[in-house]
Amino acid sequence: MACESAIPAIMDEQALMGLNPNADARYRQRALVYFEQLKESLDGWEVCAEALAKGVYSDDHVKFFCFQVLEHQIKFRHGLLTAAQQQLIRETLMKWLQAQLMNVQPEKPFIRNKAAHVLALMFVTEYLTLWPKFFFDILALVGLNPNGVDVYLRTLMAIDAEVVDRDILHSLEETRRNTLIKDAMREQCIPALVESWFQILQTYQHTHSELTCQCLEVVGAYVSWIDLNLIANDGFVNVLLSHMSMEELREEACDCLFEIVNKGMDPVDKTKLVQSLCQVLQSAGFFNVEQEEDVDFLAKFSRLVNGMGQSLVLSWTKLSKTVDVKVTEETLRALEAKVPLMLQLLIHEDDDISANIVGFCYDYLHVLKQLPALTDQQKSNVEAIMLAVMNKLKYDDEYNFENEGEDEAMFVEYRKQLKMLLDRLAQVSPELLLESVHRVFNSTMQNWQTVQFMEVEMAIRLLYMLGEALPASHGAHFSGDVTKASTLQAMMRSLISCGVSEYQHSSVTLEFFETVVRYDKFFLVEPQHIPNVLMAFLDHRGLRHSSPKVRSRVAYLFSRYIKTLHKQMNAFIEDILSRIQDLLELAPPENGFPALLSSDDQLFMFETAGMLIVNGESPAERKQALMRSLLTPLMEAFRMLLAKLPQEANEARQTVLADCLSHAVGFASRTSKAFSNKQTVRQCGCSEVYLDCLQTFLPALGCPVQRGSLRSAVRSFLHRMIICLEEEVLPFIPAASQHMLKDCEPKDMQEFIPLISQITAKFKNQVSPFLQEVFMPLVMAIFEVLSRPAEENDQTAALEKQMLRRSYFSFIQTIASSGMNDVMASQGAENIERVLFTIIQGAVDFPDPIAQKTCFIILSRLVELWGTILPEQPGVKCLTQGHNGGDCGDQTSNLLITSGKDGLVGFPDFIYKHIIPACFMAPLKLTFDLSDAQTVLTLSECTITLHTIHLKRGPECIQFLQEYLPSLQVSPEITQELCQVLQQPEVKVLKNYMKAFFQQAKL
């Protein structure tokens, strides 16, 4: 209540000075504080109401401020206001509105919009209860005064946003309220509103175009939920049609008619509405599209025709499912009658106009697809659409290929729409499409030297698009359907032999290579064309093209081509490697000249080179020699650059050198992608080369600068070598691990753990001695990184730690799941205890369901391994006594490992002290959200852990639960019920029960 007395009867003038955008920070801060005071005060806002009602302030920012204060009262405190205060707000708004009628100059638009928004909020809050005469009061006040009408129309649009707009999300309560408001409006005031709109349109259509357009927008917004007969009548439609002939109103009138046509209704009535509207529009000459020069209007008109066409399609679809054949046929005829207009708009030179009719065109083709047979006219329509699509696919002269901007991006999107039409055409008449494309393609390829680039590109593009329009299993376009296969073969033959790859335009060049790669299976049928295509890839047309964009794309496409046809490349391998040798050089950082290919492009080149070498038919010795000649320059450059890096003082220069080193490692790694189960590194005689690479790259782990990028590169290489070299890589792992564990950042550690997990999962017992040695140093390094202090609000650091924690638990899971429990069991009692408690902590304390799930999987696995009932042994209590504060002293030495099947002495006690409680404490946490899918999976693993404990410990587990659950305030009945379900053999029953148990417990 302190703030009430703090608000004087007049406004704080100095605080108001801070509302000016140019005010200094001190005044702006004061204005903010004042705003908060007025919002929170029970009656301080009344000074704002008075200021608005009496027009005390001329400053727009102060007026806006006053409306903001009123808005807050209506939105958040309306229920706390007295009846007199609610009345004061109503009177304030009406007085302000009345004042607008007298103003020579209307308020600024942002003030009028804010006022309309506040009026709309008042309407939504009070219409059903306190202010049912809202609209009648406003209409009586404003009449046809232009300033008043403006605010009235803005208020109607603000009400639409609050009550109707489907793009705005509403709560269930708001949705229910909005439905009641619309029902009440239909019953009480909609006819009066429609009459007011008609009066406004008639009064201002010649004198005030802005108001008329606003009114048309209102009609379009409201028509979706009011009685259509109020709008779709002669009087209203005639007014709208007259607006279609007025330059300033025609676009808004088009939008309004579109909303009328779009209204949901009975299919027969919809057909009648569209037909009558079309007749009127046609009579008025609007269908003569070629005579219209205003492209902005035509874009709107195209959208209207699209809406009418799609409405007729929807009516036909509904009617075709009924028995009324006559009406269905009439609707189809009405639909067909719109096709000539649709085609005019589709072929229009303006892409926006064309794009707006694509939806109708697509739906029309879908209708034809459903018909049992096509008439001659329908076939003609299909052909016309096909020709239109082909024509519109062409680039125009203004397209900027080297610097693509917004216009270019829009054309690319438009092309995607045209592709959808082409795909649909293929479904309606695949033979016609194939024949049409063949005709256009042949004609263009025969004369490509004299044809403009856009015609040539379009012809090749059409051939490319046939690959998806006429799909084939696994790209087998050249088998099966003889007509299709022979036609496509003929076109591919023509594409390669006609010389069009020499065309001097980047779009044609790119389309040539894209098409060659799309139909790479063609070269299995006609391999004699491979040399010509290889030369195109390798010379000035491809990898040495003048455009970097072309070179980059061709590098990728070349790798795809070689990957598919590697068996056909044997005769060309060494020639190709010789020709691309300069493209495989590591670009030195000292070189000021830009390389032909970027490092990303070079990755594809190295992959291609590897593919050629590995899949060739040469003996292993020759493959080894070729691979060595490919990788030796990389190793030599790497050694030289690595020697330079620590001596370089300039950090920017260090980064350049480190990037270069990383690229070298990445290139070597990429060559190994060529190996497979059939062509292993060993069979190809390449093991030695890659081992040399390892010895060359590993010293980078000890580099004192740029550690992050170097470690990341070498780590990725190790991942590849584990797959390719298998156990030959093992001697390198200990030294590499030692380096990578030194001075770790969270991200380094997080990326290192998957490497160790990969080694563990792949080599299992082979690496057991190494893992036993590295396990605790790795765990301690993780603990050290996780314990580093970080800023409270540092989200990046928090996320890095979360990811590291997940990686750590994932590592423990890998060890437990690989049957390598001896790695953990050999760490000594204190260390085992420490690790076990981190798993319990991960399961319970950290609100991260992904990590929690992993922890329960680990616990379940450990119970399987170590949870077997053992004869009583000394020291069995030590694990839990130490944790709970008991003094274990030297007894920890009694924590012995017996054979794997018998388990770990002391672990059963740990199950009861910690694992079973974790299975209950974790789901009972407030952060354990059972509506979250990931959390439900965690609960599932938690339940499996309980189930596994029962399987291993039997009646002893049940006895423990009967004593433990009452301590959680679980009733004896529920305890008994849970124990009975746990003893059921079907774990699914237990999962369902536990979910219900915790849902009930959280109520």
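The second largest pocket holds about 390 Å³ of space. Tyr395, Val412, Arg415, Arg461 and Glu511 are the closest to its centre, out of 16 lining residues. A pocket here is an open set of points on a 1 Å grid over the protein atoms alone, with protein on both sides within 12 Å along at least five of seven lines; lining residues have an atom within 4 Å of a point. Volume is the space filled by probe spheres set on the points, which are joined across faces, edges and corners.

This is a predicted model: local features need pLDDT of at least 70, side-chain atom pairs count only at pLDDT 80 or more, and totals for chains, interfaces and linings use all residues. Residues are numbered from 1 along each chain as its sequence is written, and side-chain values use heavy atoms, with hydrogens and water left out.

Back to that second largest pocket. α22, α24 (453-469) and α26 (506-518) each supply at least two lining residues. α26 gives the most, with 5. Helices are DSSP runs (H or I, at least four residues), numbered from the N terminus. By class, the lining has 5 nonpolar, 2 polar and 9 charged residues. Nonpolar is Ala, Val, Leu, Ile, Met, Phe, Trp, Tyr, Cys and Pro; charged is Asp, Glu, Lys and Arg; the others, Gly among them, are polar.

Now the largest pocket, at about 520 Å³. It has 19 lining residues, and Glu349, Asp350, Asp351, Asp396 and Phe411 are the closest to its centre. Which helix supplies the largest share of this lining? It is α22, with 7 residues. α19 (351-355) and α21 (376-392) each supply at least two as well. The lining divides into 6 nonpolar, 2 polar and 11 charged.

Next, the cavity. The structure holds 1 of 30 Å³ or more. A cavity is a set of points where a 1.4 Å probe fits but cannot get out. Among its lining residues are Val844, Phe846, Pro847 and Phe928. That lining has 5 nonpolar, 2 polar and 1 charged.

Last, a helix pair. α5 (residues 60-76) and α7 (residues 109-126) pack at about 15 degrees, axes 10 Å apart. That makes α5 roughly parallel to α7, a term for angles under 35 degrees. Axes are lines fitted to C-alpha atoms over the stretch in contact, and angles run from 0 to 180 degrees between N-to-C directions. Contact means heavy atoms within 4.5 Å. Phe64 and Phe67 are among the α5 residues that meet α7. The contact residues divide into 10 nonpolar, 3 polar and 5 charged.

Methods. Parallel < 35°, antiparallel > 145°, perpendicular 65-115°, else oblique.
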